[in-house]
Amino acid sequence: MAKQSPEAWMARALALARRGLYTTDPNPRVGCVLVKHHRRVGEGYHRRAGEPHAEVHALREAGEAAWGATAYVTLEPCSHQGRTGPCAVALVEAGVAKVVVAMADPNPAVAGRGIALLREAGIEVEVGLLEEQARQLNPGFIMRMDHGRPFLRLKMAMSLDGRTAMRSGESQWITGPQARREVQRLRARSSAVMTGVESVIFDNSRLTVRPEQAELEGVELIAGRQPLRVVVDTHLRLPEAAACLAEPGRTLVATVEDREPGRRERLEAAGAEVVALPADGNGRVDLHALLRHLADVEQANEVLLETGATLAGAMLDAGLVDEMQLFVAPTLLGGDARPLFQLAGIETMAQQRGLEILDIRAVGNDWRITARPERRTKGEK
C-alpha cells in the first residue's frame, strides 16, 4: 500500500466531515482520521448535535491502536464539557502521539484551549493543514462565532433578461427540475430559510425540504428535520391560511409591531411564532437585529434567503449577503416582469455593485452562478 501524505489524510477527514453537511446543526461539521504506521486505524465524523464528536467515533473504532497514532482533525478538538465530553481529553487519555488540526475553533468556549491542553499533555500539535478547505465546510458556524450573525446565502432564480417573476407575481416555474433539486439541497443544509411576506402572499411557498426532490445520495438526512422558516413581515400581513404555517417544523414571523389589534394572536393561533424586533430608519424590520436574533436565540449558522427584489435588495444594501446562488434559465420574461433586485441610489456607472464570480456551471438546462458581493463598488479608490 502506497504511503499517504498528511494532505491526503486530512482530505479524508474533510470528506468524512461533509457527511454531516445536513445533520450537525447548530454544531460544526467535523471529521477525524487516526493513522498509525501509515495505516488508517480509525475514523469518524460528527453526525448530529448531542451525539459523540468525530474524535470519539474514530477512537472507538481504533481501540488500543490509537496509542501512539496521529489524529487528523478538521477542527480543533473541544476542551469543554457540553452535551458530550471534551475531545481533547479523550485524545490525551487514548495516548495519541500527534494531532494535526486543519483550523482552530472560533468558538470562544474553545478558542485555542483544546490545542493548549494537548500540548500541555506532551502531544505534538500542528495547525493549518488544508485550513481553507476546512473553513469552507463551516462558513455559518465561523460567521456566528466571529461576527454574531449567520452566514447569509441568497438564492434567486431568473430569466436570461434578469427577471424573477411576471408583473402579477407569477413565478412558478422559471428554472427546470435539476435547478429546483439543487435548491432543495441548499435548504437541507441551512439552519433557516427566510423570505419576505410578499413572496409568501404571491407563491404561498411551503419553504420546506422535500428529501425525495433533493435526491441526497451518500449523506445522512434526519427524517423529518426541517429548517426554521422565517418570514419578514413588518405589518403582519401573513395570511393565517399560509401553507408554511401548516408544515412540520417552526415558522418564525419577524415584525416590528402589531398594526391591527389581535392580529398577532390570530397568527400565533394559526401556528406562527411572532417576534417583535427593532425598526430600521424606514420603519421596517431591522435586518441586522433579525440576523443577530437568529444567531443568538436560534443558533442559526446558515440562512438561505429566497425572496423577491425588495428584501433581496435591502439585504444587499445592508451588507448582509455573503454568497449568491443565482440560477439563470434560458428564457425571456420581458421588460414588464419583476427585476432581480430593488437597489436604491444607483444612478451612474460609478455606483454599480460589483460581484466576484466564484463558480459558473450548467445545472440541467439552466446555469448556476455562485458569487459574492465585492466589498467596494466599482469606481471607489
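Student: Which describes H2 and H3: roughly parallel or roughly antiparallel?
Tutor: This is a predicted model, where local features need pLDDT of at least 70, side-chain atom pairs count only at pLDDT 80 or more, and totals for chains, interfaces and linings use all residues. Residues are numbered from 1 along each chain as its sequence is written, and side-chain values use heavy atoms, leaving out hydrogens and water. The axes of H2 (residues 54–62) and H3 (residues 87–94) come within 9 Å and cross at roughly 20° (axes are lines fitted to C-alpha atoms, for helices over the stretch in contact, with angles from 0 to 180 degrees between N-to-C directions; helices, H or I with at least four residues, and strands, E with at least two, are DSSP runs numbered from the N terminus). Angles under 35 degrees count as roughly parallel, over 145 as roughly antiparallel, 65 to 115 as roughly perpendicular and the rest as oblique, so H2 and H3 are roughly parallel.

Student: Which residues of H3 make the contact with H2?
Tutor: Contact means heavy atoms within 4.5 Å. H2 brings Glu55, Val56 and Leu59. On the side of H3, the residues are Cys87, Ala90, Leu91 and Ala94.

Student: At what angle do H3 and H4 pack?
Tutor: Ala88, Val89, Leu91 and Val92 in H3 meet Gly114, Leu117 and Leu118 in H4. The axes of H3 and H4 (residues 113–120) are 9 Å apart. Their packing angle, which makes H3 roughly parallel to H4, is about 20°.

Student: What is the volume of the largest cavity?
Tutor: A cavity is a set of points on a 1 Å grid over the protein atoms alone where a 1.4 Å probe fits but cannot get out, and lining residues have an atom within 4 Å of a point. The structure holds one cavity of 30 Å³ or more, and the lining of the largest includes Leu21, Asp25, Arg29 and Phe141. Grid points are joined across faces, edges and corners, and a volume is the space filled by probe spheres set on the points. For the largest cavity, that volume is about 50 Å³.

Student: Is the peptide bond from Asp25 to Pro26 cis or trans?
Tutor: Most peptide bonds are trans. Pro26 sits in the loop between H1 (6–18) and E1 (31–36). The bond from Asp25 to Pro26 has omega near 5°, and is cis.

Student: What is the phi of His38?
Tutor: Most residues other than glycine have a negative phi. His38 lies in the loop between E1 and E2 (39–45). Although His38 is not a glycine, its phi is positive, at about 65°.

Terms used. 1 Å grid on protein atoms, 1.4 Å probe; cavity = no way out; pocket = protein on both sides within 12 Å on 5 of 7 lines; lining within 4 Å.
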